[in-house]
Amino acid sequence: MSRLFAFALLASLAYWFTEVPPHDIVPRKNVRVRLCPIRCCEAHPYETCSSDANKAFLAHLKAWGAMTDTLYIWHYNTDFAHYLMPFPDFAEFPAESPRCPVGGGATAFRCTSCR
Ligand SMILES: [Zn+2]
């Protein structure tokens, strides 16, 4: 795809079953990987949370960051069970979330919300 459309920037989502970085391929320069911490605990800063999902995300972030210069973070800050309720990430989000991925190699941080 990237050879056929070398003039375009292609986006590829990395979450759920694609969160784990591949071992045998590397994204080309015009592929933007968007890594999503969708399984992470959002109650605590990622680096200090004891959740296995957060530890795995940090390892995947580091691996993706070493693999590409166009790593973006796609962060859902929506309570999908109760759309009108605030997303319960007051201790985690605005202070720590963006800093962690940027330190891990991400170049952008995008929040997707219902509001
Ligand atoms: Zn936590």
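This is a predicted model: local features need pLDDT of at least 70, side-chain atom pairs count only at pLDDT 80 or more; totals for chains, interfaces and linings use all residues.

Analyst: Read from the N terminus, the elements of the protein chain follow the order β-β-α-β-α-α-β, which amounts to three helices and four strands. The protein chain has an average pLDDT of 83, with 83% of the residues scoring at least 70. Among the elements, β2 has the highest mean pLDDT, 93, whereas helix α2 (residues 93–96) has the lowest, 55.

The sheet comes first. Its four strands are arranged in the order β1-β2-β3-β4, forming an open sheet in which the pairing is parallel. At the edges lie β1 (10–14) and β4 (108–112), each of which pairs on one side only. Direction ignored, neighbouring strands of this sheet are turned against each other by 30 degrees on average.

The length of α1 agrees with what its residue count predicts, because at 1.5 Å a residue its 16 residues should span 22 Å, and its end C-alpha atoms are 23 Å apart. Which residues of α1 are buried? They are Asn54, Phe57, Leu61, Trp64 and Gly65, and because these fall within an arc of 100 degrees when seen down the axis of α1, they line one face of the helix. The face of α1 that is turned away from the buried side carries the exposed residues Asp52 and Ala66.

Leu71 counts as buried because 23 other C-beta atoms lie within 10 Å of its own. Leaving aside neighbours within four places in sequence, Leu71 is in contact with Trp64 and Gly65, with Val33 and Leu35, and with Gly105, Ala106 and Thr107. Leu71 and Val31 are 40 residues apart along the chain, and their C-alpha atoms are separated by 9.0 Å.

Is Arg32 buried, exposed or partly exposed? With 18 C-beta neighbours inside 10 Å, Arg32 counts as partly exposed. Its contacts, once neighbours within four places in sequence are left aside, are Leu9, Leu10, Ala11, Thr70 and Tyr72. Among them, Leu10 is 22 residues from Arg32 in sequence, yet 5.9 Å from Arg32 in space, C-alpha to C-alpha.

The loops that follow the strands complete this part. Cys36 is found in the loop between β2 (31–35) and α1 (52–67), and Cys36 is buried because 20 other C-beta atoms lie within 10 Å. Not counting residues up to four places away in sequence, Cys36 touches Leu13, Ala14, Tyr15 and Trp74, and of these Tyr15, 21 residues away along the chain, has its C-alpha atom 5.2 Å from that of Cys36.

The loop between β1 and β2 holds Trp16, which counts as exposed because it has 10 C-beta neighbours inside 10 Å. The phi of Trp16 is near 55 degrees, a positive value in a residue other than glycine. Thr18 is found in the loop between β1 and β2 as well, and with 13 C-beta neighbours inside 10 Å Thr18 counts as partly exposed. Thr18 and Leu35 are 17 residues apart in sequence and 8.9 Å apart in space, C-alpha to C-alpha.

Finally, for the protein chain as a whole, 23% of its 115 residues count as buried, and of the contacts with a separation of 6 or more, 63% are made by residues 24 or more positions apart.

How values were computed:
Residues are numbered from 1 along each chain as its sequence is written. Helices (H or I, at least four residues) and strands (E, at least two) are DSSP runs, numbered from the N terminus. A residue is buried if 20 or more other C-beta atoms lie within 10 Å of its own, exposed if 12 or fewer, and partly exposed in between; C-beta atoms are placed from the backbone. Two residues are in contact if their C-beta atoms, placed from the backbone, lie within 7 Å. The expected span of a helix is 1.5 Å times one less than its number of residues. The arc is that of the directions from the helix axis to the C-beta atoms. Two strands pair if DSSP finds at least two bridges between them. Axes are lines fitted to C-alpha atoms, for helices over the stretch in contact, and angles run from 0 to 180 degrees between N-to-C directions. pLDDT is the predictor's confidence in each residue, from 0 to 100.
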